[in-house]
Every structure is written in C-alpha cells, then in structure tokens.
Amino acid sequence: MRGETSDVVDLAAGDDEAHLRHARAPAAPAPNRTRHRKHVQTLTSRQVYANSWMTVREDAIRLADGTESIYGVVDKPTYALVIPRDGDRLHLVEQFRYPVGRRRWEFPAGTAPERADVDPAALAVRELREETGLVAGRIERVGFLEVAPGMSSQRGHVFLATELTAGPHQREHSEQDMRTAWFTTAEFEDMARAGELADSQSLAAYLLLQLHDRGGSGGPG
C-alpha cells in the first residue's frame with residue numbers, strides 16, 4: 001500500500017543486529033484507493049502436501065454468485081531478496097534451478113529454514129552473507145512483492161544493500177553449485193533483454209530499485 005516509509009538498517013560491518021528506523025515521514029494516502037469486499041468465501045481447507053520449505057492446500061470455495069469450486073494454493077514463508085549495489089554495479093548469484101532445468105542469474109534471496117518466521121531485515125542480512133559472503137554496512141527496504149498471487153500466498157521484502165565488505169560465503173549444501181559475479185546496470189539490462197536473466201522476482205526488484213532511486217517506496221509492512 002502506498003504511503004509507507006522505507007526502512008533503513010544501519011549495520012556495523014560483521015554485525016547482524018540491526019535497528020530499523022524510518023527514512024522519512026509517511027506520504028499522504030493515494031486518492032481513490034479503496035478496499036473491495038471479499039468475493040470468495042473459503043468453505044473448507046485441507047493440506048495435501050508439506051515439506052520443510054512449503055505446503056500445498058486445496059480449498060473448497062464459494063464465488064460471489066454462489067457457485068462452488070476448488071482452489072489449490074502453495075503456501076511458502078515470507079522471503080527476503082537483497083540487491084547488493086556498489087556504485088553502478090550489482091551483485092548477482094547464479095545456480096541451477098531444477099523446476100526450469102536451467103542455470104539462472106538472480107539477486108540473492110531466501111527464506112528461513114523449516115518455514116520459521118524471521119524478521120525480513122535480519123533474513124536479508126543472513127541471506128546476503130550466506131550466498132555471497134558480502135556484509136552490508138547499510139540495508140534499506142525498498143519494496144514488497146507477491147510471488148505468484150494466482151497460485152501462491154508467498155510474499156517477499158526487497159532490500160538494497162550498500163557499504164559492502166567482502167568475506168567468505170556460508171552457503172547451504174543445496175547451494176553448492178552457486179557462483180556470484182558483479183554486473184553493471186547496463187549489463188543487467190542487456191541480460192534481461194536477452195532472456196539470460198529471467199527470474200521474475202529479480203526483474204521486479206530491479207523496478208523497485210528504479211522507483212526507490214527516483215524517490216518512491218512501496219509495499220505493505
């Protein structure tokens with residue numbers, strides 16, 4: 001929802017303990033923004049699959065006209081995506097993505113183990129260090145994303161990491177094939193145009209970064 005502030009985390013290098021503060025006063029509410037009444041009623045819900053990272057449920061629902069149907073929903077915990085930036089350079093990670101059968105460049109991102117509920121800023125700090133070895137002196141929340149609202153409830157917070165210090169990565173065993181590299185923003189955009197960078201969350205995060213640089217911020221807390 002518009003009108004929210006960006007959150008800034010000032011970090012001492014190597015210190016994961018952060019204090020969030022508001023970067024600026026809230027903007028005035030956007031006009032003509034109203035909440036619409038709920039058009040779908042959940043009748044029953046049953047879990048059909050679960051593992052350490054996700055659950056799948058099938059809901060019986062009633063639509064606005066009274067007809068009934070079903071809806072399959074993938075539930076995953078809230079994630080943090082980090083945009084590491086040094087001047088005009090962006091730091092990306094690349095790994096094999098099993099569902100699409102290809103290696104893909106993307107921004108560092110992840111969720112907490114065992115679907116735990118972790119503060120997004122703390123999760124961003126941890127994911128950045130785990131995947132890249134980078135430690136940020138400053139992390140700022142720049143926006144909010146919904147992964148695939150037609151099929152999943154998962155949401156994510158996007159952070160900009162600056163004042164970076166390099167160090168050893170701490171990757172999980174499943175990330176053993178991961179590699180990292182710096183790219184200029186022009187190279188990032190060229191990769192996106194060519195389809196070499198097709199991760200929707202990274203592309204959406206880059207848009208949020210552009211809006212942030214122009215003075216905007218967005219997304220619910």
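This is a short tour of the structure above, one selection at a time.

**Before you start**

The model is predicted, so local features are described where pLDDT is at least 70 and side-chain atom pairs count at pLDDT 80 or more, while totals for chains, interfaces and linings use all residues. Residues are numbered from 1 along each chain as its sequence is written, and side-chain values use heavy atoms, leaving out hydrogens and water.

**The whole protein**

Show everything as a cartoon. Of the 221 residues, 36% count as buried (buried is under 20% relative accessible area, exposed over 50%, partly exposed in between, with a 1.4 Å probe and protein chains only). Among contacts between residues at least 6 apart in sequence, 61% join residues at least 24 apart; a contact means heavy atoms within 4.5 Å.

**Stop 1**

Strands of a sheet pair through backbone hydrogen bonds, either parallel or antiparallel. Select E3, E4 and E5: they make an open sheet in the order E3-E4-E5, with antiparallel pairing. Strand E3 (41-50) and strand E5 (68-75) are the edges, each pairing on one side only. From one strand to the next, the twist averages 20° (angles run from 0 to 180 degrees between N-to-C directions, and axes are lines fitted to C-alpha atoms, for helices over the stretch in contact).

Now keep E4 (residues 55-62) and E5, which pair over eight bridges; strands count as paired if DSSP finds at least two bridges between them. Click Arg62 and look across to its bridge partner in E5, Glu68. The two strands form a hairpin with five residues between them, and Gly66 in the turn has a positive phi of about 95°.

**Stop 2: Arg57**

Stay in strand E4 and select Arg57. Is Arg57 buried, partly exposed or exposed? At 24% relative accessibility, Arg57 is partly exposed. Leaving aside residues up to four places away in sequence, Arg57 touches Ser45, Arg46, Gln47, Val48, Tyr71, Gly72, Val73 and Asp75.

**Stop 3: another hairpin**

Select E7 (residues 89-97) and E8 (residues 102-106), antiparallel strands joined by five bridges. Val93 stands opposite Glu106 in E8. This hairpin has four residues between its strands, and Gly101 takes a positive phi near 70°.

**Stop 4: Glu163**

Move to strand E11 (residues 155-165) and pick Glu163. Glu163 is not a glycine, yet has a positive phi of about 55°. Glu163 is exposed, with a relative accessible area of 53%.

**Stop 5: two packed helices**

Two packed helices are described by the angle between their axes and the distance between the axes. Select H2 (residues 185-194) and H3 (residues 200-213): their angle is about 135° and their axes are 12 Å apart. H2 and H3 are therefore oblique to each other (under 35 degrees is roughly parallel, over 145 roughly antiparallel, 65 to 115 roughly perpendicular, and the rest oblique). Finally, show the side chains in the contact: Thr185, Phe188, Glu189 and Ala192 of H2, with Ser202, Leu203 and Tyr206 of H3.
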